[in-house]
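Dear colleague,

I am handing over the structure below, together with an account of what turned up in it. Please read the notes that follow with the model open beside them.

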Amino acid sequence: KSSAASDVYKRQVLFQQITPFLGGLLGALTIYILVRKQMIRLTTKRKMKRSTAALLITTEAVFFFLIPISLVVWMLVDKLQNLNLDPQSIIAPIEEIAGIIKSKTGYDVLGSDTTSFIVSALPRIGQAVMGGISSFVINLFVLVFVLYFMLIGGIKMETYVNAIPVSYTHLRA
């Protein structure tokens, strides 16, 4: 019984450690599904080496998927950096809505504590956005790396995944 509990704990720890890279893994899987037939065509009909075909398709994915997406993110970040946020301009409409709610219901949605909380939360939101951008860059590198190796070992990987026994009995209503 302790072995089963240990296995569950190990899976939880593994999932917690892999969570930051999940976007890159799912992105690689998505692009793999999109270019899978192209890889098969290059290796069977064109008789291209798997490593050469994988490098070609990975380069294609970088130029046609990842660079445009990165440029859009970069443009948005540039626009957000140049945006001058005046906390009062954000809080004024919220206070107006809160005043309407108070006049209709008698409930004060925005007390002084809530207003100070909103003002103090703005820098944390900015830090979260910047952390998300660094996570995006890391996930791009993971995506390219995993995509290349998925293309190299695609048939073996698909055979392995198809051989995993899956029970759907717990899904019955």
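A residue is called buried when its relative accessible area is under 20%, exposed when that value is over 50%, and partly exposed in between. Please keep in mind throughout that this is a predicted model.

On that scale, R41 counts as partly exposed because its relative accessibility is 45%. R41 lies in helix α2, which covers residues 22–44, and it belongs to a positive surface patch that is formed by K37, R41, K45 and R46.

As for the chain as a whole, it has six helices and zero strands, so that, read from the N terminus on, the order of elements is α-α-α-α-α-α. Of the 173 residues in the chain, 17% are buried, and the accessible surface comes to about 13,300 Å², with 68% of it belonging to carbon and sulfur atoms. Among the contacts in the chain with a separation of 6 or more, 69% are accounted for by residues 24 or more positions apart.

A search of the whole structure finds one salt bridge, in which the side chains of E158 and R36 meet at 2.6 Å, N to O. Because E158 lies in helix α6 (residues 154–163) and R36 in helix α2, the pair ties together parts that are 122 residues apart in sequence. R36 itself counts as partly exposed, since its relative accessibility is 29%.

Helix α5, which spans residues 112–152, holds V146. The C-alpha atoms of F149 and T58 are separated by 9.7 Å, while the two residues are 91 residues apart along the chain.

Turning back to the surface, there is a nonpolar patch formed by F63, F64, I67, L71 and W74, which together have about 610 Å² of accessible area. W74, one of the residues in this patch, lies in helix α3 (residues 50–82), and W74 counts as exposed because its relative accessibility is 61%.

One point of backbone geometry may also be worth a look. Which residue has a positive phi although it is not a glycine? The residue is K47, with a phi of about 55 degrees, and it is found in the loop between α2 and α3. As background, most residues other than glycine have a negative phi. K47 is exposed, with a relative accessible area of 69%.

To draw the main points together, the chain has six helices and zero strands, one salt bridge is found in the whole structure, and the surface carries a positive patch that includes R41 as well as a nonpolar patch that includes W74.

Note on methods. Residues numbered from 1 in each chain as written. Predicted model: local features only at pLDDT ≥ 70, side-chain atom pairs only at ≥ 80, totals over all residues. Heavy atoms only, no water. Patch = residues over 30% accessible without salt bridge, like charges linked within 9 Å, V, L, I, M, F, W, Y side chains within 5 Å. Areas by Shrake-Rupley, 256 points an atom, 1.4 Å probe, with all protein chains shown as cover. Salt bridge = Lys/Arg side-chain N within 4 Å of Asp/Glu carboxyl O. Lys, Arg positive; Asp, Glu negative; His and termini not counted. Charge placed at Lys NZ, Arg CZ, Asp CG, Glu CD. Helix = DSSP H or I, 4+ residues; strand = E, 2+ residues; numbered from the N terminus. Buried < 20%, exposed > 50% of the residue type's maximum accessible area, 1.4 Å probe, protein only. Contact = heavy atoms within 4.5 Å.
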